[in-house]
Amino acid sequence: MSDEYDNNKSYQAQSSEVMDGSTGSVNPDIDYVRPSEVGEQELYHPHSFIEKWVFCQDAKVIGVQYFLTAVFTGVVGLILSWLMRLQLGFPELAGFMTAEHYYQFVTMHGMIMVVYFLTALFLGGFGNYLIPLMVGARDMVFPYVNMLSFWMFFVAVAVLMASFFVPGGPTGAGWTLYPPQTILEGTPGAGMGILLMLISLSLFVIGFTMGGLNYMITILQARTRGMTLMRMPLTVWGIFTATVLAMLAFPALLVSAIMMTLDKVLQTSFFMPTILKAGEVLEYGGGSPILFQHLFWFFGHPEVYIVALPAFGIVSDLISVHARKNIFGYRMMVWAIVGIGALSFFVWAHHMYVSGMNPWFGFFFATTTLIIAVPTAMKVYNWILTLWRGNIRINVVMLWCLGFIVTFVNGGITGIFLGNVSVDVPLSDTYFVIAHFHMVMGIAPLMVIMGAVYHWFPLVAGKMLDEGLGKWHFWITFLGAYSIYFPMHYLGFIGVPRRYFEMYDSPYMTSAVGMNEFISIAAFIVGAAQFILIFNIIKTLKTGKKAEQNPWKANSLEWYTSSVPPEHGNFGDRLPVVHRWPYDFSVPGAKEDYIPQTTAPSEVIHTEVEKT
Amino acid sequence: MHAGIIFLLVIVGSILFHIFTPWYWTDIASNWKGMDDTITLTFWVGGGVFVAVCLFMIYCVFRYQHKEDRRAEYKPEDKKLEKILTWATTFGVAALLAPGLIIWNQYVNVPKNAIEVDVMAWQWGWQYRLPGKDGKLGTTQVRNIADNNPFGINPDDPFGKDDIMVESDVINLENNRPVKILLRSVDVLHNWYVPQFRAKMDAVPGTVTFYWFEPNKVGEYEVLCAEYCGVGHYAMRGGVEVQDKADYEAWLGEQETFEQLSARYEKLNVDGNKLAKK
């Protein structure tokens, strides 16, 4: 449906079209845009404070609600990481911490950061705020369900946090929740803690499904006139593909959570074999712990891309806007996003090379895993080729993008070590793995989140964040995070295993003590530096410079709303009509170095713009 | 300007760190040098790509800094360049994958002359069993496990009688002789891992997993549990002693068979009963 009328130049103008055009001087031939097939969406406008700010149906408010809730969980996750680093670097100062505590912190940190922070932030936060604005819709197609989605997420977070306060504390099974240990004595929180975790995850999946349906259908059905699929900003492509992945992957998590709950509560044996504990044979038998791992990673690996694809999309847009240059190879970028998304369902068992699954799987999953490196590398090339011959503003947003490229390439390369089955054998379950995934799916997406915050804050709040504070925030975070995770790979080479409450006293590991102290100090500083952003936001909201409309001179629709910040309904009386892709920067012959998506071809008739 | 310089220092610092790092792998003590070599190869290829991409990015930051009077180039696509880059990447990836798969093929195919070592894991410790003179391990079942039968060997299985029970968390191995590690667990996941041997595999309750290696350096090594197994995970240690043939056989001769162990317990029982009667 997207391309069929693009190439057809012989459309006749309809009289209503000329009337609907955004400017008076519409050239009927070249400016033709197919009329809308459906009528305008009717919006439910709030009638009270509660409807406006609490149970709100405006996707922008829901986006901010998601964002703030996710950031709250992120701060909890950050504090947990500090406690872990205190134990690893300075155990003499962490006398209050038992092994039980440590494993509970490890588990909650991992689960919070991956699911409740990153996933919710990218899809619930950025997705809700940006999708309707970027595709030119008034709101999500099912605003009421969208509101329910957030509140379901909120309850999921509340249940998760409640597990800190139940007898036995939260689960300490590791974020992968591998049975049988997860639900057995000997693992912290094997009672109430794990039950609340499983309930919280189930609620998250239910809430997320409601949101995900909205994102997908809004993108497929509610785009404004002229917004073909191949004219969508890559941000939307990334979020869209990630949502499709999530809709296919989360059911596997839900199923495994339900089965594990049954194993725990009703002593079924989905994942539980015959087990001898403390001299007694438990009432289990015949289940398969490896089955759980397959289900978990069938969700867990796409989950990596659920976080990464929106980051890919957003960073593409940020780089293009701030380098004043079209994104290089847009179509390649779109197909790379879609291709990575599809491939991500065929690589899950590369997390299980040494799990005891049939070893012959290794050949297949190593091959698929390394194939995924090709489209991923293409994306990296296209980012740096977008910089090439650009006109690059080195502002805070661009700095985060550059930081993303460095950390993402670094983490991507170490992924080739781990994906290459026999290289994984010595490195799996060591600190190399920790360093790899923190670099590639912790720090790299975080860089994008930060860049996106500085980029879109003027739209959301109508004020410009302070650049000076922003630069401090960036450099401390980037240099600090890099010096945490780059040296950490080398601990993995020594063979230091992950999830060790105390570092080992073996001679080949005592040398790691100094590095652990260094890493811990860096972690404290990087964590503290995040409060610069919070301070910056508070200061800007109080005294910051007012943002003009479209301060970055971008082309995409979110900057062309009727007011800044945009109101409910986004675009005032009339929806925008789209005539081009969002990357017409520095077009030869154009007066400005950008041409908004809403500019009709007849207005820029003397430029050498390529047809998109 | 400053930004480019700092990024450049980060890249240079990374390379220097890699060259001068005091933290690197332990001296290898098994046949899996191919794994180390593939890591080195991946370092060259992957590290080269990392440095090249970052240097190109830094060059762009220096060269194409924003100027009001300049315009960026307008060129949405370059099919030829994209094609070259795709094929070059595919080739590089294939070159890394090939040795990886070749070594994996060796890893999953155990040599015929490998001696089997049955490693049993529990929360939180290790035990070992070796085949006796018949060269075969007796079948086992978790439900048979008892004080007088720590491995749960089926009492009716003739192959089990002469199995050698190593009642210690340290196992001795013969130098330059391949071993097939059979992994079992009675409770949760574990992983029998010696960094110097490079190899590892999870022990999974309900099934028997395996891997193999050939120790090639006499000495004592520490065993670490490499799969999280509950609060005692970090303390779950064991040991390996690699010995020359003569020393190894002397050690082997001192170990008890399953039959001897059963007899010893029976005697204990009889003695115990006698004591009770008195």
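In what order do the 5 strands of the open sheet in chain B stand? The tour answers this at its third stop.

**Before selecting anything**

This is a predicted model, in which local features need pLDDT of at least 70, side-chain atom pairs count only at pLDDT 80 or more, and totals for chains, interfaces and linings use all residues. Residues are numbered from 1 along each chain as its sequence is written, while chains are lettered from A and ligands numbered from 1 in the order in which they are written.

**Stop 1: chain A as a whole**

Select chain A, which holds 16 helices and 4 strands; helices (H or I, at least four residues) and strands (E, at least two) are DSSP runs, numbered from the N terminus. The C-alpha trace spans about 85 × 50 × 50 Å along its principal axes. The radius of gyration of chain A is 25 Å, which agrees with the value near 25 Å that a compact globule of 612 residues would have. That radius is taken over C-alpha atoms, and the globule rule is 2.2 Å times the number of residues to the power 0.38.

Colour chain A by burial: 60% of its 612 residues count as buried. A residue is buried if 20 or more other C-beta atoms lie within 10 Å of its own, exposed if 12 or fewer, and partly exposed in between, with C-beta atoms placed from the backbone. Of the contacts in chain A with a separation of 6 or more, 79% are between residues 24 or more positions apart; two residues are in contact if their C-beta atoms, placed from the backbone, lie within 7 Å.

Next, select 53–232 and 548–612 of chain A, which are domain 1 and domain 2; the bounds come from an automatic or database domain assignment. Their centres, taken over C-alpha atoms, are separated by 35 Å. Domain 1 of chain A puts 13 residues into the contact and domain 2 of chain A 17 residues. On the domain 1 side, helix 4 (residues 99–135) of chain A gives the most, with 4 residues.

**Stop 2: where chain B meets chain A**

Show both chains. The contact takes 92 residues from chain A and 80 residues from chain B. Several elements of chain B each supply at least two residues to its side, among them helix 1 (2–20) and helix 2 (33–63). Helix 3 of chain B gives the most, with 14 residues. By class, this side of chain B has 48 nonpolar, 19 polar and 13 charged residues. Here Ala, Val, Leu, Ile, Met, Phe, Trp, Tyr, Cys and Pro count as nonpolar, Asp, Glu, Lys and Arg as charged, and the others, Gly among them, as polar.

**Stop 3: the open sheet of chain B**

The strands stand in the order 4-10-9-6-7, with mixed pairing; two strands pair if DSSP finds at least two bridges between them. Strand 4 (170–174) and strand 7 (202–203) of chain B are at the edges with a single partner strand each, so one side of each has no neighbour in the sheet. Strand 6 and strand 9 of chain B run antiparallel, joined by 2 bridges. Pick Tyr193(B) to find Leu224(B) opposite, in strand 9 of chain B.

**Stop 4: strand 5 of chain B**

Select residues 179–185 of chain B: 5 of the 7 residues of this strand 5 are buried, so it is largely enclosed by the rest of the structure. Strand 1 (residues 115–122) of chain B runs parallel to strand 5 of chain B, with 7 bridges. Val119(B) stands opposite Leu183(B). Strand 8 (residues 209–213) of chain B is antiparallel to strand 5 of chain B, with 5 bridges. There Phe213(B) is the bridge partner of Val179(B).
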